[in-house]
Amino acid sequence: MMSGRKDFERPSLREYLAIAIVIAAGVVLVRWASTLAPTPAEPREIVVPMTAMFALTGAVWLLMVISRNVAVLLGAASVKYFRDYGDGAPDEWIERPARAFDNLMQAPTLFYVVALLTIALHGVDTSQVSLAWIYVASRVVHATIYVVFNYVPLRFASYAVSCITLAVMWARLALSF
């Protein structure tokens with residue numbers, strides 16, 4: 001027994017298999033995108049997925065503000081909790097958009113940096129643009145899972161695909177010197 005807690009959960013073998021399949025599919029997609037003939041592309045082509053990433057962040061941000069305010073108005077959360085984040089935490093579903101927004105303030109900053117460096121160093125090509133779209137798509141999937149139904153194995157798989165994609169984008173940039 002790994003934990004004395006009664007609410008301890010461990011993913012089933014089927015869930016681990018599903019995670020592996022999603023990650024493997026993501027790796028295949030990333031491998032495909034990274035091996036495209038690196039045809040030069042216009043810098044604005046990588047700005048579009050950057051803008052989409054910002055739009056996702058803005059949508060989750062707005063959802064966070066709305067869900068928290070509606071929760072307070074309906075009495076499902078207390079303003080006191082939001083003052084010091086101490087006692088009286090609201091139900092988990094109320095805070096999911098805030099946690100998803102927090103996630104969008106972490107690793108995606110590395111996406112913006114690699115995309116901007118790719119532009120600055122004249123490295124925008126069809127592969128890097130395709131990888132940028134894969135990254136954004138995997139983050140959309142991650143945020144949607146987090147906010148809507150929060151199924152951790154699938155959320156982790158989409159997060160892993162986004163991290164692998166981001167690592168490949170950085171590797172391609174580093175190897176272009």
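Rings of Phe, Tyr and Trp (for Trp, its six-membered ring) form an aromatic pair if their centres lie within 6.5 Å; planes under 30 degrees apart count as stacked, over 60 as edge-to-face and the rest as tilted. By this rule the structure holds six aromatic pairs. In one of them, the rings of Tyr81 and Tyr85 have centres 5.3 Å apart and planes at 80°, so this pair is edge-to-face. Tyr81, Phe82 and Tyr85 are linked by ring pairs into a cluster.

This is a predicted model, in which local features need pLDDT of at least 70 and side-chain atom pairs count only at pLDDT 80 or more, while totals for chains, interfaces and linings use all residues. Residues are numbered from 1 along each chain as its sequence is written, and side-chain values use heavy atoms, with hydrogens and water left out.

**Overall layout**

The protein has seven helices and zero strands. Helices (H or I, at least four residues) and strands (E, at least two) are DSSP runs, numbered from the N terminus. The C-alpha trace spans about 55 × 40 × 20 Å along its principal axes. Contact means heavy atoms within 4.5 Å. Among contacts between residues at least 6 apart in sequence, 80% join residues at least 24 apart.

**Accessibility**

A residue is buried under 20% relative accessible area, exposed over 50% and partly exposed in between (1.4 Å probe, protein chains only). Of the 177 residues of the protein, 38% count as buried.

| Residue | Relative accessible area | Class |
|---|---|---|
| Tyr81 | 10% | buried |
| Tyr85 | 44% | partly exposed |
| His122 | 73% | exposed |
| Asn150 | 19% | buried |

His122 lies in the loop between helix 5 and helix 6, and its phi is near 55°, a positive value in a residue other than glycine. Asn150 sits in the loop between helix 6 and helix 7. Asn150 is not a glycine either, yet has a positive phi of about 50°.

**Nonpolar cores**

A nonpolar core is a set of buried Ala, Val, Leu, Ile, Met, Phe, Trp, Tyr and Cys residues joined through side-chain atoms within 4.5 Å. The largest one here has 30 residues, and those with the most contacts inside it are Ile46, Met53, Leu56, Val60, Phe111, Tyr135 and Met169. At least two residues of this core come from each of helix 1 (13-34), helix 2 (44-73), helix 4 (92-104), helix 5 (107-120), helix 6 (126-148) and helix 7 (152-175). Helix 6 supplies the largest share, nine residues. Another core, of five residues, lies apart from this one and includes Ala71, Ala77, Tyr81 and Ile94.

Leaving aside neighbours within four places in sequence, Met169 is in contact with Ile46, Phe111, Val114, Gln128, Leu131 and Ala132.

**Helix 1 against helix 6**

Helix 1 and helix 6 pack at an angle of about 155°, with their axes 8 Å apart. Axes are lines fitted to C-alpha atoms, for helices over the stretch in contact, and angles run from 0 to 180 degrees between N-to-C directions. Angles under 35 degrees count as roughly parallel, over 145 as roughly antiparallel, 65 to 115 as roughly perpendicular and the rest as oblique. Helix 1 and helix 6 are therefore roughly antiparallel to each other. Leu29, Val30, Ala33 and Ser34 of helix 1 make the contact with Ser127, Ser130, Leu131 and Ile134 of helix 6. These residues divide into five nonpolar, three polar and no charged. Here Ala, Val, Leu, Ile, Met, Phe, Trp, Tyr, Cys and Pro count as nonpolar, Asp, Glu, Lys and Arg as charged, and the others, Gly among them, as polar.
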